[in-house]
Amino acid sequence: MNGVEWYWNIELPEHFIVEHPIGSVLGKAKFGDYFCIYQGVTVGANFKNSDCIWPEIGDNVTMYANSSVIGNCRIGNNVIIGANSFVFDQDVPDNCIVLGSSPDLIIKSRTEEDIKRRLVRIWNFDKI
């Protein structure tokens with residue numbers, strides 16, 4: 001009906017924004033607070049042996065258009081995942097911008113303040 005596939009039993013955080021939901025797929029990952037997605041985003045599992053392994057996504061994570069986080073990933077707090085980026089079975093530290101594709105991700109460290117400044121149009125952190 002809305003061009004999205006979100007598992008019926010996912011637990012989204014108290015604060016989340018879906019800027020353009022068309023084409024998004026959200027699986028049973030652990031989602032941190034202040035989660036934001038754009039169109040075409042995928043958060044999904046990877047199977048190892050017979051185990052289904054879902055990502056863990058920290059607080060204040062924004063996933064831009066057509067980005068994916070798949071499998072055994074821990075995405076830190078205050079992370080921006082750039083458009084068309086693909087994170088697969090790889091951890092991402094706090095306070096950074098992620099570009100490219102696993103296993104050759106480009107991870108640009110930033111301060112927490114810089115990440116929040118870049119996302120001020122989404123979240124007004126001065127009032128939170």
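Me: Buried means under 20% relative accessible area, exposed over 50%, and partly exposed in between (1.4 Å probe, protein chains only). Does C73 count as buried or exposed?

Reply: This is a predicted model, in which local features need pLDDT of at least 70, side-chain atom pairs count only at pLDDT 80 or more, and totals for chains, interfaces and linings use all residues. Residues are numbered from 1 along each chain as its sequence is written, and side-chain values use heavy atoms, with hydrogens and water left out. The relative accessibility of C73 is 3%, so C73 counts as buried.

Me: How many disulfides does the structure hold?

Reply: A disulfide is a pair of cysteine sulfur atoms within 2.5 Å. For C36, the nearest cysteine sulfur is that of C96, 16 Å away. For C73, the nearest is again that of C96, 12 Å away. A search of the whole structure gives the number of disulfides as zero.

Me: In what order do the five strands of the open sheet lie?

Reply: Strands (E, at least two residues) and helices (H or I, at least four) are DSSP runs, numbered from the N terminus. Two strands pair if DSSP finds at least two bridges between them. The edge strands, β1 (5–6) and β14 (86–88), each pair on one side only. Pairing in the sheet is parallel, and the order is β1-β3-β6-β11-β14.

Me: What is the angle between the ring planes of F86 and F88?

Reply: Rings of Phe, Tyr and Trp (its six-membered ring) pair if their centres lie within 6.5 Å; planes under 30 degrees apart count as stacked, over 60 as edge-to-face and the rest as tilted. There are four aromatic pairs in the structure. One of them joins Y7 and W54 edge-to-face, at 5.4 Å centre to centre and 80 degrees between the planes. The ring centres of F86 and F88 are 6.0 Å apart and the pair is stacked, because the planes meet at 10 degrees.

Me: How many residues apart in sequence are the parts that Y7 and W54 tie together?

Reply: Y7 is partly exposed, at 35% relative accessible area. Y7 sits in the loop between β1 and β2 (16–18), and W54 in the loop between β8 (51–53) and β9 (56–57). The pair therefore ties together parts whose separation in sequence, in residues, is 47.

Me: Which residues touch the most other members of the largest nonpolar core?

Reply: A nonpolar core is a set of buried Ala, Val, Leu, Ile, Met, Phe, Trp, Tyr and Cys residues joined through side-chain atoms within 4.5 Å. Another core, of nine residues, lies apart from it, and includes Y34, I115, L119 and I122. In the largest core, of 21 residues, the members that touch the most others are F35, V43, M63 and I75.

Me: With which side chain does that of D114 make a polar contact?

Reply: A polar contact is a pair of N or O atoms within 3.5 Å; within protein, one must be able to donate a hydrogen and the other to accept it, and residues adjacent in sequence count only if both atoms are side-chain atoms. D114 lies in helix α1 (residues 112–118) and is buried, at 13% relative accessible area. At 2.5 Å, its side chain makes a polar contact with that of R117.
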